[in-house]
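Please keep the sequence and the structure at hand while reading.

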Amino acid sequence: MKKRLFFLIFLIIILLLSACKPSAQNETLRPVTLNLTYIPNVQFAPYYVGIEKGFFAEAGLDVTLAYGNEADMVALVGAGKEQFMIASGEQVLMSRAQGLPVVSVANWYSDYPVGVVALKEANIQSPADLKGRQIGLPGLFGASYIGFEALARSAKLSDSDYSLNSIGFTQVESLVTGQVDAVVVYVANEPVQLRARGYEVDVLRVADAVDLVGNCLVTNEKTIADEPDFVKAMAQAVVKSIQYAVENPEEAFEICKKHVENLNQLSPEELEIQRQVMLSSIAIWQTKPLEHAEQTRKWQNMQNLLLDLGLLNETIEIEGAFSDAFDR
Amino acid sequence: MTEPIKNEPAQRLGPRPSPLLRVLYPLGSVLLLVNLWQILYIALKLPAFILPSPKMVWDKFLLILLNGTWWHHLSWTLLEILLGLLIGGIAATLIGYGLSKLPFMERLMAPFLVGSSSLPMVAVAPLLIIWFGAGLGSKVLICALTVFFPVLVNVLVGLRSTPQELHELMRSLNASPWQKLTMLELPAALPVLLGGLRVGTTLSVIGAIVGELVSSDRGLGFLINVGRGQYDTALVFVAVLSLILMASLLYYVVLLLERRALVWQTWRKDHL
C-alpha cells in the first residue's frame with residue numbers, strides 16, 4: 001500500500017515536471033535575458049514587439065523577458081550576473097553611488113512617468129495644493145517617491161507640509177474609497193483606469209515641474225568594456241522596437257495579447273482600458289535618441305534632486321552614468 | 001526549542017455525525033458565506049475592482065478553467081510545493097536523525113533551531129531569488145526551507161520520545177543499528193514526524209506564494225500579481241480561493257497518509 005502511494009506521488013511529480021518544457025532556442029542567436037520590472041503589462045509593448053517582429057533576432061539576440069523587483073534586478077546587473085534591464089534614472093545614480101557600475105545605454109521614456117492624481121472634488125490643481133493633504137504612495141522608495149518629492153519641492157513644500165502614507169500598490173482603491181486625498185501613480189496607467197471607471201480626476205505630472213531621467217535600458221561597465229557590439233545590438237534593437245510600437249500602436253496592442261497574461265480574458269470594456277493605457281504610455285516614450293547636452297541636463301537634474309533628498313551623499317561623475325555611443 | 005506539533009486528534013464534540021451530515025455541514029457553511037458575500041456586494045455597492053460579486057468570480061473561474069490557464073498556473077505552484085515538501089522533508093528527516101545520534105551537534109545547532117521558527121520568509125525570499133535566480137529552483141528552496149524546520153524539530157522530539165526500556169530491549173536482543181531504526185525508532189517517531197509534515201504542508205503553500213509574489217512568470221502567486229495589475233479583482237479571488245482549496249486538499253492527503261501509516265496506533269488504542 002505504502003509503495004503504491006509513494007509511486008503515485010512520484011508519478012504526479014514526474015507529470016508536473018513534464019509540464020515545464022524547455023523553450024526552443026535558436027542556436028545561431030545569442031540568448032540574453034532582458035529584465036523588466038513589475039509584471040507583464042501593455043506598457044512593456046516595445047519589448048513584445050521586438051520579439052514578435054524579429055527586431056531582436058535581426059540583431060542576433062534571442063531575448064527572454066523576466067519580471068521582478070527593480071532594486072533586486074539592479075543589484076544583479078551591477079554585479080554582472082545579468083546584463084540588461086529596464087531601470088529608472090534614480091536607480092542608476094543611487095546604484096553607482098553604492099559602487100554598482102550600472103550604465104544607461106538607451107532612453108525609453110522621454111518624460112518622467114510619475115504623477116499625482118486626485119479626485120476632482122479634492123481640488124488639487126497645482127503642486128501647492130498638496131499642502132496639508134494625505135498622500136498615498138507605494139512606499140518611501142523608487143520612482144513614485146522620488147517623483148513626488150520632486151513635485152513637492154517644485155512648490156517649495158517639504159515633508160512637514162503633507163502626510164505620506166505607504167499604501168503599497170493600492171493607489172486606485174485607496175483613492176476611490178477616500179482613504180487618502182491624492183495618490184502617486186504612473187501617469188499612463190492609473191489616471192486612465194480611473195477615468196474609464198467614471199471618476200473625474202486631476203493629474204499633476206512630475207514632468208511638468210522638472211525634467212528628470214525616466215526608464216532606460218541599463219547594462220554594466222563590464223559588458224560595455226568586453227562586448228560593445230553586444231550592447232550596441234541590444235540598444236539599437238530596443239530603440240527600433242520602441243519606434244515600431246509608436247508608429248503601429250494597434251499592431252503593438254495585438255502583439256501584447258500574446259505576452260500579457262489574462263489580457264485575452266478581459267471583458268471588451270476592460271480590454272479597451274488596457275488599450276488606452278498603452279496609448280497614453282506611448283505618448284511619453286522617447287522616439288529619437290536624445291542629444292548629449294539634453295541627456296546631461298536630465299541626469300544632472302536627477303542628481304540634484306537626490307542630493308537634496310539626502311539619497312546621495314556626494315556628487316558622482318554624471319558622464320559615467322549614461323552613454324550615447326550605442327543607441328544610434 | 002520550538003514546541004513539537006502534537007499529533008493527537010482533537011476531541012470530538014458529541015456523537016459522530018452521519019456521513020450525509022458530514023458532507024452537508026461544510027457545504028452549508030460555504031453556501032452561507034457565499035450568500036453573505038452577495039449581500040455585502042449588493043449592500044455596499046462597491047466597484048467590482050474592490051469587491052467583485054460571487055458570480056463574477058465564478059464566471060472568471062470557469063473562463064480560465066476551460067481555456068487551460070487555471071491548470072497552467074496551479075500545476076506550477078503544486079509542483080513547487082511538492083518538490084519543496086519532498087526535499088525539505090527528506091533533508092529534515094536525515095539531518096534530524098543525524099543530530100539525534102550526535103547530541104553535541106544538536107547542542108551546537110540549538111540556537112538555529114530556536115531562531116528558525118521565527119524566520120520571516122517574506123524578508124528572506126527576495127534574497128534567495130537574487131542568489132538562486134527567479135526560476136523554479138528558488139521557489140522550491142523557499143518551500144523546502146519552510147518545511148525543513150518544523151519537520152526537523154519534530155523528528156528530534158519523535159526520536160527522543162522512544163521509551164528507554166524499548167531501547168534496552170533492542171540492545172538485549174542484539175539488534176543492529178538498521179533494525180533499531182526500522183523496528184523501533186522510525187515507528188516511534190512517525191506520529192510526531194507526520195504531525196510536523198502536516199503543518200509543513202500548509203506552510204509550504206505560503207512559501208511558494210511568497211516566492212511567486214516576489215518574482216515569477218507562472219503560478220498562482222503570479223496570477224494574483226497579474227489580477228492586481230489589471231484591476232481584475234475577480235481573478236485575484238479565483239487565485240486565492242484555488243490556493244485555499246489546494247492547501248486544504250494537501251492537508252487531507254497528509255492526514256490520509258498519516259492514518260495509513262499509523263494503522264497500528266489506532267489498533268493499539270482500540271485493543272489495549
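## A charge over a ring

In this predicted model, R30(A) lies over the face of F230(A), at 3.6 Å from the ring centre.

## Aromatic pairs

Over all chains, a search of the whole structure finds 16 aromatic pairs. One of them joins F44(A) and Y47(A), whose ring centres are 6.5 Å apart and whose planes meet at 55°, so this pair is tilted. Both partners count as buried, F44(A) because its relative accessibility is 6% and Y47(A) because its relative accessibility is 0%.

Y47(A) also forms an aromatic pair with W108(A), and here the arrangement is edge-to-face, with 5.1 Å from centre to centre and 85° between the planes. Since Y47(A) lies in helix α2 (residues 45-52) of chain A, while W108(A) lies in the loop between β4 (102-107) and β5 (114-119) of chain A, the pair ties together parts that are 61 residues apart in sequence. W108(A), at 1% relative accessibility, counts as buried.

## The ring cluster

Which residues do ring pairs link into a cluster with Y47(A) and W108(A)? The cluster also takes in F44(A), Y67(A), Y109(A) and W285(A), linked through ring pairs. Within this cluster, the pair of F44(A) and Y47(A) is tilted, whereas the pair of Y47(A) and W108(A) is edge-to-face.

Technical notes. Residues numbered from 1 in each chain as written. Chains lettered and ligands numbered in written order. Predicted model: local features only at pLDDT ≥ 70, side-chain atom pairs only at ≥ 80, totals over all residues. Heavy atoms only, no water. Phe/Tyr/Trp six-rings, centres within 6.5 Å; stacked < 30°, edge-to-face > 60°. Buried < 20%, exposed > 50% of the residue type's maximum accessible area, 1.4 Å probe, protein only. Helix = DSSP H or I, 4+ residues; strand = E, 2+ residues; numbered from the N terminus. Lys NZ or Arg CZ within 6 Å of the ring centre and 35° of its normal.
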